[in-house]
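Good morning. Please bring up the sequence and the structure, and I will go through them chain by chain.

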Amino acid sequence: MIRHILVANRGEIAVRILRTCHALGIETTLAASEADLDSLAARMADHCICIGPPPSMDSYLKVESVVAAALTAKADAIHPGYGFLSENQRLALACNDAGITFIGATAAQLDAVGDKLKARHHAIESGLPVVPGGSAGNANEAEATAAEIGYPLLVKAVGGGGGRGMKLVESHEALAQTVDLAVAEAEAAFGDARVYLERYVSSGRHVEVQVLGDGENCIHLGTRDCSIQRRYQKLVEEAPAPHLSDALREQMHQSAVGFAKYLKYRGLGTVELLVDCERDTFYFLEMNARIQVEHPVTEAICGLDLVAEQIAVAEGRPLRFTQEQINFSGHAIECRINAENWRKDFQPSPGTISVAEFPAGVGIRMDTHIQPGAKVPPFYDSLLGKLIVYSEDRNSALATMREALDRCQISGVETNLSMHSELMKSEDFSNGGVNTAYFTDFLEQTAQRQGD
Amino acid sequence: MFLNDDDVNEIIHQLEAGPFEELSLQTSRFKLKLRAKGNGSWTKSIEDFQETNLVNPGQEAADSAKEDTNNTASSAAEKNGHFAVRTPLVGTFYRAPKPGAPDFVEVGSQVNQDTVIGIVETMKLMNSVMAGVKGRVVEICASDAGFVEQGETILFIEEG
């Protein structure tokens, strides 16, 4: 039984986790950097411990500081959120050693899927098809692997996920330089500089399956479509993924559950798949062994609190539902609201929030740490919050989202709110089922319209 | 005790039972503003005032004592009218493409307009900084892995 959780994260996800803890009557301590001591999460938590200076390398990515904070707080569990140390084996092992429950997959599973090269291997073993790719440990190996899979290709962080440290290489000339930059980003973001290469499939859809396992049994919680991305960062997600044949959707569900069962997976996880619409088939991309940014759209369509389920399986309880007991209904869409100037090549926009007015009402959820006076520091990602709408079908969800976006007002930093408004009105997105190449076209179209 | 979506929706539900279009409520713990936008749609603005319950105060003060003293002295290069390369963004400055790799430029390096002279990491993105002019690097002001403010001078270039 978990009574006291150390939340080792920041921003909206820290707030999100604290809310569930409060609802469950669990005592909370937030582990915060110096830049976040006055954040909403820091003030919401029962206690707050400063774990170091603002740069993540010196605070949120420091296993020793996080574990020390948990021991000081006398917390019996650590929730790592997403990003930072959420899939870090060293943290999972250090928790075991300190007698603290790590709310996440086991250290062995984190190794099996967190190391993206090993994950590819396990996927193949479990019967999932993968995109051609291989390792790039040094310049020579990168050259050899690239020659094998051809261009264009992606450089991906072995310790990555969530699209960080992922870069497109169009031709051989750009390979070495891009690998170098990706290595630097990977080191900074994950503390693991290794990268690998994978063939770039330009016209696929990014669809993922949410799974939940207790170490023995495993169920799926449906699909999410995350094809609206810029530089592999998701901007819009929806559940369920629209316009998939029933047969393909069922096959994706079963493959994801099959993979999780092969791993004897314990915890909440996401199996990311690349859907080739023309061939009506899919490939394994990676598995994320953590709660994801876009989890609220899944919560909306199946009526669950996924953080509460994470805590339950971390306590060693069996799943509280069978697959048959999960009922899917309606449609949910999420827009990620970022502090960036989307009309100026998405330049990041740190600063201080002066106005933060959000839509409210039934079918609308705003997950955010932003309030008037809140600081948006330059040290972390640009996510200000997530606007999630839920309605009986996709069309009415779209209508709700358009209207809800109009009611959002944020001042003090630049945001991508108007980008979302335009996107939600675009014909192609409204029709549903766009691929990952679509967003670039959309940006070109809007830039052109502006120029006219 | 912080307001959640259910609390707000319940309050809105009660407001809708009457002829109300706006609610402003301030207590010592929070400020809540609700406004009707017609058609049963509302907006909310919430400010929570509760203070952080810091378990280990003192550390903050100790750390803030070592604030960087960068960028205060006006250097000789500036007086000589050399071209100042400034950071386009606030963030962390890196002199090399990755840890252990050679620096992009040293004092004395010849650069062109599009020569990369460093990287600024802002919101987890690596942004290359270009020299902007052709010339020779005469002074490097920003320290590696140090914090730079927007517009802060990274280095000086003698044009030509």
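Two strands count as paired if DSSP finds at least two bridges between them. Helices (H or I, at least four residues) and strands (E, at least two) are DSSP runs, numbered from the N terminus. This is a predicted model, in which local features need pLDDT of at least 70, side-chain atom pairs count only at pLDDT 80 or more, and totals for chains, interfaces and linings use all residues. Residues are numbered from 1 along each chain as its sequence is written, while chains are lettered from A and ligands numbered from 1 in the order in which they are written.

With pairing defined, start where the chains meet. E19(A) is joined to strand E3 of chain B, residues 42-48, by 3 bridges, and these strands run antiparallel. Within this pairing, Pro359(A) stands opposite Thr43(B).

Now the wider interface. Two residues are in contact if their C-beta atoms, placed from the backbone, lie within 7 Å. On that basis, 46 residues of chain A are in contact with 40 residues of chain B. Which elements of chain A give two or more residues to the side that touches chain B? They are helix H2 (40-44), strand E3 (47-50), helix H3 (63-73), helix H8 (175-190) and strand E19 (355-360), in chain A. The largest share of that side, 8 residues, comes from H8(A). By class, the side of chain A that touches chain B has 26 nonpolar, 6 polar and 14 charged residues. For these classes, Ala, Val, Leu, Ile, Met, Phe, Trp, Tyr, Cys and Pro count as nonpolar, Asp, Glu, Lys and Arg as charged, and the others, Gly among them, as polar.

Next, chain A as a whole. Chain A has 15 helices and 23 strands. The C-alpha trace of chain A spans about 55 × 50 × 50 Å along its principal axes. For 452 residues, a compact globule would have a radius of gyration near 22 Å, and the 21 Å of chain A agrees with that. The radius is taken over C-alpha atoms, and the globule rule is 2.2 Å times the number of residues to the power 0.38.

Burial also needs a cut-off. A residue is buried if 20 or more other C-beta atoms lie within 10 Å of its own, exposed if 12 or fewer, and partly exposed in between, with C-beta atoms placed from the backbone. Of the 452 residues in chain A, 56% are buried. Of the contacts in chain A with a separation of 6 or more, 63% are between residues 24 or more positions apart.

Chain A contains an open sheet of 8 strands, in the order E14-E13-E10-E11-E12-E15-E22-E20, with antiparallel pairing. Strands E14 (281-288) and E20 (364-368) of chain A stand at the edges with a single partner strand each, so one side of each is left without a neighbour in the sheet. From one strand to the next, the twist averages 25 degrees.

Look at E15(A) within that sheet. E15(A) is mostly covered, with 8 of its 8 residues buried. His331(A), Ile333(A), Cys335(A) and Ile337(A) point one way from the strand, and Ala332(A), Glu334(A), Arg336(A) and Asn338(A) point the other way. Strand E12 of chain A, residues 233-239, pairs with E15(A), residues 331-338, in the antiparallel sense over 4 bridges. There, Glu238(A) stands opposite Ile333(A). E15(A) also pairs with E22(A), in the antiparallel sense over 8 bridges. In E22(A), Lys386(A) is the bridge partner of Arg336(A).

Helix H12 of chain A, residues 394-406, lies across E15, E20 and strand E22 (383-391) of chain A, at about 140 degrees to E22(A). For such angles, axes are lines fitted to C-alpha atoms, for helices over the stretch in contact, and angles run from 0 to 180 degrees between N-to-C directions.

Finally, chain B. Its secondary structure comes to 3 helices and 11 strands. Of the 160 residues in chain B, 28% are buried. Residues 24 or more positions apart account for 53% of the chain B contacts with a separation of 6 or more.

Is Glu16(B) buried or partly exposed? Glu16(B) is partly exposed, because 13 other C-beta atoms lie within 10 Å. The C-alpha atoms of Glu16(B) and Phe147(B), 131 residues apart along the chain, are separated by 50 Å.
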